[in-house]
Amino acid sequence: ALVGRVTGSDGAPLANATVTVRNPATGLERSVSTNAQGEYRFPFLPVGGYSLTVDGAGEADARVADVRVALRAATNLPVRVGAT
């Protein structure tokens, strides 16, 4: 699984942001929206390397490359968008 919390440039939770993960090796892509607390969750992702993109819903977008998902462990990846 891949889980985390998206915050804006002010550090406040960012609700309704679109978070997308993509495995470049397999082409697998999934998207979810953050909840009111800015949290997202991708359960049952296959093991491998992913990139993560956040559409900041009014703030700058964010991208994280080389996110590793391991077997039987949740990867926690907090993301701050719009930070300079």
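Trainee: Is Asp66 buried or exposed?
Mentor: Asp66 counts as exposed, at 59% relative accessibility. Here exposed means over 50% relative accessible area, buried means under 20%, and partly exposed lies in between (1.4 Å probe, protein chains only).

Trainee: What kind of model is this?
Mentor: A predicted model: local features need pLDDT of at least 70, side-chain atom pairs count only at pLDDT 80 or more, and totals for chains, interfaces and linings use all residues. Residues are numbered from 1 along each chain as its sequence is written, and side-chain values use heavy atoms, with hydrogens and water left out.

Trainee: OK, back to Asp66. Where is Asp66 found?
Mentor: In strand β6. Strands are DSSP runs of E with at least two residues, helices are runs of H or I with at least four, and both are numbered from the N terminus. Asp66 also has a positive phi of about 55°, although it is not a glycine. For background, most residues other than glycine have a negative phi.

Trainee: Which loop holds Asn16, and is Asn16 buried or exposed?
Mentor: Asn16 sits in the loop between β1 and β2. Asn16 is exposed, with a relative accessible area of 58%. Asn16 is another non-glycine with a positive phi, of about 65°.

Trainee: Where is Gly8 found?
Mentor: Gly8 is in the loop between β1 and β2. Gly8 is buried, with a relative accessible area of 1%. Setting aside neighbours within four places in sequence, Gly8 contacts Leu14, Glu59, Arg80 and Val81. Contact means heavy atoms within 4.5 Å. Gly8 and Val79 are 71 residues apart in sequence, with 8.6 Å from C-alpha to C-alpha.

Trainee: And Gly58, buried or exposed?
Mentor: Gly58 is exposed, with a relative accessible area of 79%. Gly58 lies in the loop between β5 and β6. Between Gly58 and Gly38 there are 14 Å, C-alpha to C-alpha, at a sequence distance of 20 residues.

Trainee: Let's zoom out. How many helices and strands are in the chain?
Mentor: Zero helices and eight strands. Along the sequence, the pattern is β-β-β-β-β-β-β-β. The radius of gyration is 12 Å, close to the 12 Å from the globule rule for 84 residues, so the chain is as compact as a globular protein of that length. That radius is taken over C-alpha atoms, and the globule rule is 2.2 Å times the number of residues to the power 0.38.

Trainee: What order do the strands take in the open sheet?
Mentor: The four strands go β3-β2-β5-β6, with antiparallel pairing. β3 (29–33) and β6 (62–69) are at the edges with a single partner strand each, so one side of each has no neighbour in the sheet. On average, neighbouring strands are turned by 20° against each other, direction ignored. The axes behind that angle are lines fitted to C-alpha atoms (for helices, over the stretch in contact), and angles run from 0 to 180 degrees between N-to-C directions.

Trainee: How many bridges pair β2 with β3?
Mentor: Five, in the antiparallel sense, with β2 covering residues 18–22. Two strands pair if DSSP finds at least two bridges between them. Val21 has Arg30 in β3 as its bridge partner. β2 and β3 form a hairpin with six residues between them, and Gly27 in the turn has a positive phi of about 85°.

Trainee: What about β1 and β4, how many bridges join them?
Mentor: Four, and β1 (residues 2–7) runs antiparallel to β4. Leu2 stands opposite Phe42 in β4.

Trainee: Which residues touch the most other members of the largest nonpolar core?
Mentor: Leu2, Val6, Tyr40, Leu52, Val54 and Val79, out of 18 residues. A nonpolar core is a set of buried Ala, Val, Leu, Ile, Met, Phe, Trp, Tyr and Cys residues joined through side-chain atoms within 4.5 Å. β1, β2, β4, β5 (48–55) and β6 are the elements giving two or more residues to this core.

Trainee: What does Val54 touch?
Mentor: Not counting residues up to four places away in sequence, Val54 touches Val6, Ala17, Thr18, Val19, Asp61, Ala62, Val79 and Val81.
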